[in-house]
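Let's take a friendly walk through a structure together. Have a look at the chains below, and then we will go through them strand by strand.

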Amino acid sequence: MESQTGEYMVALSDRMERMEARIEAAASLFERAATLLEERENSVSGEVRKIVAAVETSREAELQKKLETAEQQIAELRAQIEATSEAQPGVQRQSGRKTVSASTAQFLAKQGIASLDSLEAGTLDAALGGLSLEQRIAVKAQLLRAGVVS
Amino acid sequence: MKLEAMAVTLPEVAGHPNRAPFTGVLTLVDEPSTKPPSGARGHRVILTRPAALAALPSLLGMAVDYAPSWDGHDARRKCGIITQAEVEGARLEVAGYLFAKDFPEVERQVRQGLPGSMGMSWELADAHVEDMRAEIWTLTRATFTGAAILLREKAAYRNTSFELAASRCRFTPNRLAPPQREHAGATRPLREEAKPAFPGTDRRKEPTWNRKRANTWSR
């Protein structure tokens, strides 16, 4: 009699353990499903910062197009600069524009140097001949900074 | 027909030179827009009725603006204020004042333009879209940040309208019957309940009393 009761209890205990395991598995599945549903909900719905119930005008479209063109040009120029610097890593980047102070430009103009685009060393030395050493150094430093001479 | 309304009270000033009362249909609720609004990434939108009703308080006190080309919004050109808003059927109707003295060009455009040529457009912030992948976006929550007067053909909702009252008066027009309205927040009834009949016993004074009552209403 006792052995029968013991067997029954063991069987009952086994069954309960199996049931507990199944409930745990089901709970785990529910949790996963809830997480998935939440993720799906978040990906589907969304916030929009600003909406205006007016149709987009041609002016806006035109401005958008201009902006895109400008951005493309900027990107191209950047790529060009990067390519140049990669090809000549030792060369310092210089702007295309060569400017010196007004007094220097005036002085050089008086000496017959009107353009700074093509300046020969001999011409420059001849032009600076009447100046003191300090003045010659100052003018040449300015021309160096401006990229006229290197 | 279910109708819900809200209003803010402005002090009454007789013959105010800078207040021109206006009424308009700002948008339609539970109906898709005719065209995609700006900022909706090419989607047409539906403003749900619950979202519109929840957002009504945010509409009161907001400005109406205009763009010189009458084709959109310009938040820096605020030419009026919204003081009443109501959802009547599918229409979200607004009323308020235009700053007519400061913006004579707006009054001129509305009064001299073709009848029915002007419409309205809302500006919403933090709009919640139910499904971003849907062909037509359903807006379930939003905040009104302003409105614009524009050519009706430039509005995303074709059935909007904007009209100025025939003459300047102290009250904005009111089409609502008191029993139909529901109020919330810091609002007031748009019109007082009907007063009781002449209470006195001297019937000779009744016409005078009625005349005074009528004058009170007209103001």
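Strand β1 (residues 46-52) of chain A runs antiparallel to β7(B), and six bridges join the two. One pair to look for is E47(A), whose bridge partner in β7(B) is H128(B). Keep in mind that this is a predicted model.

Where do the two chains touch? The contact takes 14 residues from chain A and 30 residues from chain B. On the chain B side, β7 (118-129) and β8 (136-151) each supply at least two residues. The strand giving the most to this side is β7(B), with nine residues. Sorted by class, the side of chain B that touches chain A has eight charged, eight polar and 14 nonpolar residues.

Now let's move to another part of chain B. Is strand β5 (residues 78-88) of chain B largely enclosed or open? Eight of its 11 residues are buried, so the strand is largely enclosed by the rest of the structure. Here are its strand partners:

| Partner of β5(B) | Direction | Bridges | Residues standing opposite |
|---|---|---|---|
| β4(B), residues 63-66 | antiparallel | three | D65(B) and K78(B) |
| β6(B), residues 91-99 | antiparallel | eight | E88(B) and R91(B) |

Together, β5(B) and β6(B) form a hairpin with two residues between them. In the turn, G89(B) has a positive phi of about 65°.

Finally, a word on confidence. Chain B averages a pLDDT of 83, and 78% of its residues score at least 70. Over residues 175-194 of chain B, however, pLDDT stays under 50. The model scores ipTM 0.72 and pTM 0.54.

Conventions:
Residues are numbered from 1 along each chain as its sequence is written. Chains are lettered from A and ligands numbered from 1 in the order in which they are written. This is a predicted model: local features need pLDDT of at least 70, side-chain atom pairs count only at pLDDT 80 or more; totals for chains, interfaces and linings use all residues. pLDDT is the predictor's confidence in each residue, from 0 to 100. Two residues are in contact if their C-beta atoms, placed from the backbone, lie within 7 Å. A residue is buried if 20 or more other C-beta atoms lie within 10 Å of its own, exposed if 12 or fewer, and partly exposed in between; C-beta atoms are placed from the backbone. Helices (H or I, at least four residues) and strands (E, at least two) are DSSP runs, numbered from the N terminus. Two strands pair if DSSP finds at least two bridges between them. Ala, Val, Leu, Ile, Met, Phe, Trp, Tyr, Cys and Pro count as nonpolar, Asp, Glu, Lys and Arg as charged, and the others, Gly among them, as polar.
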